[in-house]
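The following questions and answers work through one model, taking its core, its backbone, its strands and its aromatic rings in turn.

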Amino acid sequence: MEYDSMHFDHAGIATDDAQALAELYGDLFGLEVAHEEVFDGMRVTFVECGDGYFELLEPIDEGTIARYLADNGPGIHHLALATDDIEAALETVRDHEVTLIDEEPRPGAWGHSVAFLHPKDTGGILVELVEH
């Protein structure tokens, strides 16, 4: 299967306070909030940054981001690449024998379909594929 080339979509950033971090990025860099929601036990805030976003992830209950913060502290959690065909992108990943965390796309924030690739096969980076 073929799909159009991917492009950078966002950097997922784990934080204890998404609102304060969004305000800081606004004050420092003139960035504005594009979207906010509560999703999957997190307060998720997308801050526009050129052609991409900072996705600020604040846990509101125990879960992946809460565990990440406890183990690593605040910082970059993942990098996301946008594709117009997530199924084809996953097939390419399988063809290259990269370990998938999500074998099939699942619902993500902002109504997107997402799938994560295991960092052990992607240079130590948790990579998210996202289809808008």
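This is a predicted model: local features need pLDDT of at least 70, side-chain atom pairs count only at pLDDT 80 or more; totals for chains, interfaces and linings use all residues.

**Core, backbone, strands and rings**

Q: Which residues of α3 are buried, and what does their cover include?
A: Nonpolar side chains tend to be buried together in soluble globular proteins. In α3 the buried residues are Ile 86, Ala 88, Ala 89, Leu 90 and Val 93. The cover over the buried residues of α3 includes β7 and β8.

Q: Where does Trp 110 lie, and what is its relative accessibility?
A: Trp 110 is not a glycine, although its phi is positive, at about 65°. The residue is placed in the loop between β6 and β7. Trp 110 counts as partly exposed, and its relative accessibility is 28%.

Q: How many bridges join β1 to β5, and how many join β5 to β8?
A: Strand β1 (residues 7-14) and strand β5 (residues 75-82) run antiparallel, with His 7 having Ala 82 of β5 as its bridge partner. By contrast, β5 and β8 run parallel, and Leu 81 has Leu 129 of β8 as its bridge partner. The number of bridges is seven between β1 and β5, and between β5 and β8 it is four.

Q: What part of residues 7-132 is helix, and what part is strand?
A: The UniProt record, an unreviewed entry, places the feature "domain: VOC" at residues 7-132. Over this stretch the end C-alpha atoms are 12 Å apart, and the chain is 25% helix and 40% strand.

Q: How many residues apart in sequence are the parts that the pair of Tyr 25 and Phe 54 ties together?
A: Among the five aromatic pairs in the structure, the one formed by Tyr 25 and Phe 54 is tilted, with 5.1 Å centre to centre and 50° between the planes. Tyr 25 counts as buried at 14% relative accessibility, whereas Phe 54, at 22%, is partly exposed. Because Tyr 25 lies in helix α1 (residues 18-29) and Phe 54 in strand β4 (residues 52-59), the parts tied together are 29 residues apart in sequence.

Q: Why does the pair of Phe 46 and Tyr 53 count as edge-to-face?
A: Phe 46 and Tyr 53 are both buried, and their ring centres are 5.8 Å apart. Since planes over 60 degrees apart count as edge-to-face, the pair is placed in that class because its planes are at 85°.

Terms used
Residues are numbered from 1 along each chain as its sequence is written. Side-chain values use heavy atoms; hydrogens and water are left out. Buried means under 20% relative accessible area, exposed over 50%, partly exposed in between (1.4 Å probe, protein chains only). Helices (H or I, at least four residues) and strands (E, at least two) are DSSP runs, numbered from the N terminus. Contact means heavy atoms within 4.5 Å. UniProt positions are given in the numbering used here, feature names are shortened, and annotations may be inferred rather than shown by experiment. Two strands pair if DSSP finds at least two bridges between them. Rings of Phe, Tyr and Trp (its six-membered ring) pair if their centres lie within 6.5 Å; planes under 30 degrees apart count as stacked, over 60 as edge-to-face and the rest as tilted.
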